[in-house]
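Please look at the sequence and the structure below before reading on. The text then goes through the model step by step.

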Amino acid sequence: MLITSVAYSLNDEIQIYPNPARDLLYVNIGNIDLFDPDINNITVSDLLGKILISQSIDFNSNNLASDYETAIDVSGLPAGTFIIRVRAGMQFKTGIFIIIK
């Protein structure tokens, strides 16, 4: 059996998929209570910590992310391993994903 894609779950609240990715990487954020709904973003960096992508997250006005999903365009990244960091209010989640070409 050949596994071609894995959804990577961060503490059962956040999933990133497909992994490995080519053009788009999807980030699904489960129900997260936000302390400060104005401070929400996703960053992608290389393994040396250089930030390559930074994207804001807009949650709904009731300060609750209810299965929020966004796509990140990773088509400009070279093949390799990258770190994704999701900040939702005062909560931080970090994961690793792979780009294949």
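The paragraphs below go from the whole chain to the sheet, the loops and the core.

The model is predicted. The protein chain has zero helices and 10 strands, and its pattern along the sequence reads β-β-β-β-β-β-β-β-β-β. Of its 101 residues, 35% count as buried. The accessible surface comes to about 6000 Å², and carbon and sulfur atoms account for 51% of that surface. Among contacts between residues at least 6 apart in sequence, 56% join residues at least 24 apart.

Next comes the sheet. Strands of a sheet pair through backbone hydrogen bonds, either parallel or antiparallel. In which order do the strands of the open sheet lie? The order is E6-E5-E9-E10, four strands with antiparallel pairing. The edge strands are E6, residues 51-56, and E10, each of which pairs on one side only. From one strand to the next, the twist averages 20°.

Five bridges join E6 to E5, and the two strands run antiparallel. One point to find on this pair is Thr 43, whose bridge partner in E6 is Ser 54. E5 is also paired with E9, again in the antiparallel sense, over six bridges. Here Asn 41 has Arg 87 of E9 as its bridge partner. E9 in turn pairs with E10 over nine bridges, in the antiparallel sense. Across this pair, Ile 83 stands opposite Ile 96 in E10.

E9 and E10 form a hairpin with two residues between the strands. In this hairpin, Gly 89 takes a positive phi near 65°. Most residues other than glycine have a negative phi, and most peptide bonds are trans.

The structure holds two aromatic pairs.

The core is the next topic. In soluble globular proteins, nonpolar side chains tend to be buried together. The largest nonpolar core of this model has 18 residues. Which residues have the most contacts inside it? They are Val 27, Val 74, Leu 77, Ile 84 and Phe 97. At least two residues of this core come from each of the strands E2 (14-17), E3 (24-29), E5 (40-45), E9 (80-88) and E10 (91-99).

Leu 77 can be taken as a worked case. Where does Leu 77 lie? Leu 77 is in the loop between E8, residues 68-73, and E9. Its relative accessibility is 9%, under the 20% limit, so Leu 77 counts as buried. Neighbours within four places in sequence left aside, Leu 77 is in contact with Val 44, Leu 52, Ile 53, Phe 82, Phe 97, Ile 99 and Lys 101. Among these, Phe 97 is itself one of the core residues with the most contacts. Arg 22 is 55 residues from Leu 77 along the chain, and the C-alpha atoms of the two are separated by 8.8 Å.

Ser 45 counts as buried because its relative accessibility is 11%. Leaving aside neighbours within four places in sequence, Ser 45 is in contact with Lys 50, Ile 51, Leu 52, Phe 82 and Ile 83.

Definitions and conventions: Residues numbered from 1 in each chain as written. Predicted model: local features only at pLDDT ≥ 70, side-chain atom pairs only at ≥ 80, totals over all residues. Heavy atoms only, no water. Core = buried A, V, L, I, M, F, W, Y, C linked by side-chain atoms within 4.5 Å. Buried < 20%, exposed > 50% of the residue type's maximum accessible area, 1.4 Å probe, protein only. Contact = heavy atoms within 4.5 Å. Pairing = 2+ DSSP bridges. Axes fitted to C-alpha atoms, helices over the stretch in contact; angles between N-to-C directions. Phe/Tyr/Trp six-rings, centres within 6.5 Å; stacked < 30°, edge-to-face > 60°. Areas by Shrake-Rupley, 256 points an atom, 1.4 Å probe, with all protein chains shown as cover.
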